[in-house]
Amino acid sequence: MQWSKLIALALIAPSVNALLRFSCSQLVVERLDPLVAPGVSPSSHLHQIIGGNSFNASMDPANDIPGESTCTTCTFTEDFSNYWTAVLFFRARNGTFHRVPQRANQGFEQANGGMTVYYTPSYTGGSVTAFSPGFRMLVGNPMFRSEAEASQFRQLTFTCLDTLGTRTGETMDMPTRPCQEGIMANIRFPTCWDGVNLDSADHQSHVAYPQSGTFESGGPCPSTHPVPIPQLFYEVIWDTRQFNDQNEWPEDGSQPFVWSYGDPTGYGTHGDYVFGWQGDALQKAMDSNCNIYCPELGSQDINQANQCTMQPTVQEDISGWLDELPGGMPVTS
Ligand SMILES: *[C@@H]1O[C@H](CO)[C@@H](O)[C@H](O)[C@H]1NC(C)=O
Ligand SMILES: *[C@@H]1O[C@H](CO)[C@@H](O)[C@H](O)[C@H]1NC(C)=O
């Protein structure tokens, strides 16, 4: 093959380096769930939320999310999407619960908690269709407590961080030993879309995983969901350092962390997404294969992103040692 052709291919084929990776600081931590329980306040379990400050209990799909937000906790200033997950708690021997804080990822040290968000167009070449206004989805199921159930979702995993840079040894259940630098929750969403519906009753059936193989291996989308979409991926680092003394762990040798939806196993891990990018900014970023530094997009300093915060609208004390999980959520295994 001629060099000129090779170079042309290199320019159009997104590579691993082409992913969009950025920090979003914490926006608010509260018991709201506008996707599963729109308008319900408080919702059943506690969430930690990042992104645009138009987040609220209802998030009607007709809302102009970028237009109604005045700031975002994300690095790219066209991104007013909201991204959220459940919250991790430590359960002490005396049965009380303490919220586990989040910590910043490598390279984003100034961030006030939050998460790292990735949008990856493809590892093998080929273009993707960015999400449209009104699009939302969730992945995972908070009711699941077994590996058999959880295996219908690909790559919802945990990494036991021996160092902040540990990226191997992902497990589907919670790490069973103390993790020196924390526990990273990895949430990868499906990458194929039905091309029609911005949402669905279960907030899942309008998207699907590749029919065979994986997104990473370039597996094809099923005919029911033929449109490749970017792979949305969250990394959330739970700062377990103050809870790593095994003398305070359960005497039966089990691990002490439980999720705000009452899950001590980790198999119920899940993530939620409400698209809120301005105009075609996300599509432009996907098409241009920009990386962490994306000149096609506006960006702000992480210190500025930290200043975008919201007061919780649900009034409840979630600090210190709690007799029960917020909302009285029972722990079930
Ligand atoms: C959420 O925000 C939208 C847009 O600003 C507003 O119309 C709606 O009433 C708000 N809902 C709640 C529950 O605050
Ligand atoms: C429960 O255990 C925690 C952790 O050891 C301790 O800080 C807290 O004071 C205890 N609470 C009660 C009511 O004993």
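This is a predicted model: local features need pLDDT of at least 70, side-chain atom pairs count only at pLDDT 80 or more; totals for chains, interfaces and linings use all residues.
Reader: Let's start with rings. What makes the pair Phe22 and Trp277 edge-to-face?

Author: Two numbers settle that one. The ring centres of Phe22 and Trp277 are 6.2 Å apart, and rings pair if their centres lie within 6.5 Å. Their planes sit at 90°, and planes over 60 degrees apart count as edge-to-face. So the pair is edge-to-face.

Reader: And which parts of the chain does that pair link?

Author: Distant ones: Phe22 belongs to strand S1 (residues 20-24), while Trp277 is in the loop between strand S16 (270-274) and helix H4 (281-288). That puts the two residues 255 residues apart.

Reader: Why is the pair of Trp259 and Tyr261 called stacked?

Author: Here the centres are 6.4 Å apart, with the planes at 20°. The distance passes, as the limit is 6.5 Å, and planes under 30 degrees apart count as stacked. So Trp259 and Tyr261 are a stacked pair.

Reader: How many aromatic pairs does the structure hold?

Author: It holds 27 aromatic pairs. There's also an aromatic cluster that includes Phe22, Tyr83, Phe131, Trp193 and Trp277.

Reader: How do you know whether Phe22 and Trp277 are buried or exposed?

Author: Check the relative accessibility. Phe22 has 1% and Trp277 has 2%. Buried means under 20%, so Phe22 counts as buried, and so does Trp277.

Reader: What about Trp259 and Tyr261, buried or exposed?

Author: Trp259 comes in at 2%, so that residue is buried. Tyr261 has 4%, so Tyr261 is buried too.

Reader: Which label does Phe158 get, buried or exposed?

Author: Phe158 has 0% relative accessibility, so the label is buried. You'll find Phe158 in strand S9 (residues 156-161). Its C-alpha atom is 7.1 Å from that of Pro175, a residue 17 residues apart from Phe158 along the chain.

Reader: Then what makes Ala201 exposed?

Author: Its relative accessibility is 82%. Exposed means over 50%, so Ala201 counts as exposed. Look for Ala201 in the loop between strand S11 (192-193) and strand S12 (207-208). Between Ala201 and Gly134 the C-alpha distance is 14 Å, and the two are 67 residues apart in sequence.

Reader: Which residue lies over the face of Phe233?

Author: That's Arg188, at 4.4 Å from the ring centre. The distance limit for a charge over a ring is 6 Å, and 4.4 Å is within it.

Reader: Now the ligands. Which residues are around ligand 2?

Author: Ala92, Asn94, Thr96, Glu248 and Trp321. They divide into two nonpolar, two polar and one charged.

Reader: What is the shell around ligand 1 made of?

Author: Asn56, Ser58, Asn63 and Glu68 are around ligand 1. That shell has no nonpolar, three polar and one charged. Asn56 has a polar side-chain atom 2.3 Å from an oxygen atom of ligand 1, and Ser58 has one 2.7 Å from a nitrogen atom of the ligand. For ligand 1, the protein covers 43% of the 370 Å² of accessible area the ligand has on its own.

Notes
Residues are numbered from 1 along each chain as its sequence is written. Chains are lettered from A and ligands numbered from 1 in the order in which they are written. Side-chain values use heavy atoms; hydrogens and water are left out. A residue is near a molecule or strand if one of its heavy atoms lies within 4 Å of it. Ala, Val, Leu, Ile, Met, Phe, Trp, Tyr, Cys and Pro count as nonpolar, Asp, Glu, Lys and Arg as charged, and the others, Gly among them, as polar. Rings of Phe, Tyr and Trp (its six-membered ring) pair if their centres lie within 6.5 Å; planes under 30 degrees apart count as stacked, over 60 as edge-to-face and the rest as tilted. Helices (H or I, at least four residues) and strands (E, at least two) are DSSP runs, numbered from the N terminus. Buried means under 20% relative accessible area, exposed over 50%, partly exposed in between (1.4 Å probe, protein chains only). A charge sits over a ring if NZ of Lys or CZ of Arg is within 6 Å of the ring centre and within 35 degrees of the ring normal. A polar contact is a pair of N or O atoms within 3.5 Å; within protein, one must be able to donate a hydrogen and the other to accept it, and residues adjacent in sequence count only if both atoms are side-chain atoms. Accessible areas come from the Shrake-Rupley method with a 1.4 Å probe; for residues, only the protein chains shown count as cover.
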